[in-house]
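Subject: Handover of a structure, with notes

Dear colleague,

Please look at the sequence and the structure first, and then go through what follows.

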Amino acid sequence: MIARTVKVHLHGLSLALALTTFVCTSHAAEEQATSEAPRAPAAASAAAAELPERAASAVTSFERLVERPIGRVTSAAGAVVTGAATAATNVATTAASTASTAAMDAATAATAAVFSVANVATTTAVSAATAAATLFQTGRISFYADKFHGRPTASGALYDAGEMTMAHRTLPIGTKVMITNTANQQSVVVTVNDRGPFIGGRVADLSRAAAEKLNMIRSGIVEATLHVLPNASHKQDSKAKPKTR
């Protein structure tokens, strides 16, 4: 806008200068024609005819002289604006990238801390339970088939494959037992709510959820230890009715 306004004003000045030159030249020509009319009427006419051409040439030269600096100033200003915009974009991009990286690092650190605390708590709980529990039995254990889901158990409750329960032939209903898979040392605490198994060589049947905790779904049968938790009796329950599977 500034360059355009300057150009318009300069153009007006050039026209005024040209008009002034034309008027002065015309007066000079007239005076010369008056004084020398008898001698050179043809020369005066020729000079008058050249005046418009000379005026136009003067205007053109003046405009070129003014337009060149204006063009250079405009080009320099455009380069400065473009450079500033590019620098601002680079700064903003760098800041955004740094902030994103910092946020990701913080999230990763927080997640690692949560998992670390959870692992420590789980390990501590299992260790405490193992120290307080009494080793009751070792042997092979299996888990319920899916077809038994929803069927009644010896406790009167329906078997739920998603709960942490187990069947045992002698432990009282309601006994809390910690089962440990000796192959991978993974443990789970279950509640006795049924009788069984009645297949030779097996000491307990676990719910599917408990078997998943011991990572024994693929093998089906594993060697395990049974620790009765404190305040739980392991006397035989004579009132329990065995269930055949």
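What share of the 245 residues in the protein chain is made up of buried residues? The answer is 25%, where buried stands for under 20% relative accessible area, exposed for over 50% and partly exposed for what lies in between, with a 1.4 Å probe and protein chains only.

Please keep in mind that this is a predicted model, in which local features need pLDDT of at least 70 and side-chain atom pairs count only at pLDDT 80 or more, while totals for chains, interfaces and linings use all residues. Residues are numbered from 1 along each chain as its sequence is written, and side-chain values use heavy atoms, with hydrogens and water left out.

The overall layout

The protein chain has 3 helices and 6 strands, which are DSSP runs numbered from the N terminus, helices being H or I with at least four residues and strands being E with at least two. Read from the N terminus on, the order of the elements is α-α-β-β-β-β-β-α-β. As for contacts, meaning heavy atoms within 4.5 Å, 79% of those between residues at least 6 apart in sequence join residues that are at least 24 apart.

The strands form a closed barrel of 6 strands in the order 1-5-2-4-3-6, and their pairing is mixed, two strands being paired if DSSP finds at least two bridges between them. From one strand to the next the twist averages 45°, with axes taken as lines fitted to C-alpha atoms (for helices over the stretch in contact) and angles running from 0 to 180 degrees between N-to-C directions.

Asp205, which lies in strand 5 (residues 202-206), is the bridge partner of Ser142. The side chains of Asp205 and Ser142 also make a polar contact at 2.3 Å, a term that covers a pair of N or O atoms within 3.5 Å, where within protein one must be able to donate a hydrogen and the other to accept it, and residues adjacent in sequence count only if both atoms are side-chain atoms. Asp205 has 5% relative accessibility and therefore counts as buried.

The aromatic cluster

A pair of aromatic rings is described by the distance of the centres and the angle of the planes. Rings of Phe, Tyr and Trp (its six-membered ring) pair if their centres lie within 6.5 Å, and planes under 30 degrees apart count as stacked, over 60 as edge-to-face and the rest as tilted. The structure holds 2 such aromatic pairs. In one of them, the rings of Tyr144 and Phe148 have centres 6.2 Å apart and planes at 75°, so this pair is edge-to-face. In the pair of Tyr144 and Tyr159, the centres are 4.2 Å apart and the planes at 20°, so this pair is stacked. Tyr144 and Tyr159 are 15 residues apart, and each is found in the loop between strand 1 (134-143) and strand 2 (165-167). Tyr144, Phe148 and Tyr159 form one aromatic cluster. Tyr144 and Phe148 are both buried, and Tyr159, at 3% relative accessibility, counts as buried too.

The salt bridges

Side chains of opposite charge can pair when their charged atoms come close. There are 2 salt bridges in the structure, each being a side-chain nitrogen of Lys or Arg within 4 Å of a carboxyl oxygen of Asp or Glu. Asp146 pairs with Arg208, their closest N and O atoms being 3.7 Å apart, and this links the loop between strand 1 and strand 2 with helix 3 (residues 208-213), across 62 residues. Glu212 also forms a salt bridge with Arg208, with the closest N and O atoms 3.5 Å apart, and both of these residues lie in helix 3, 4 residues or about one turn of the helix apart. Asp146 counts as exposed at 55% relative accessibility, whereas Arg208, with a relative accessible area of 26%, is partly exposed, and Glu212 at 47% counts as partly exposed.
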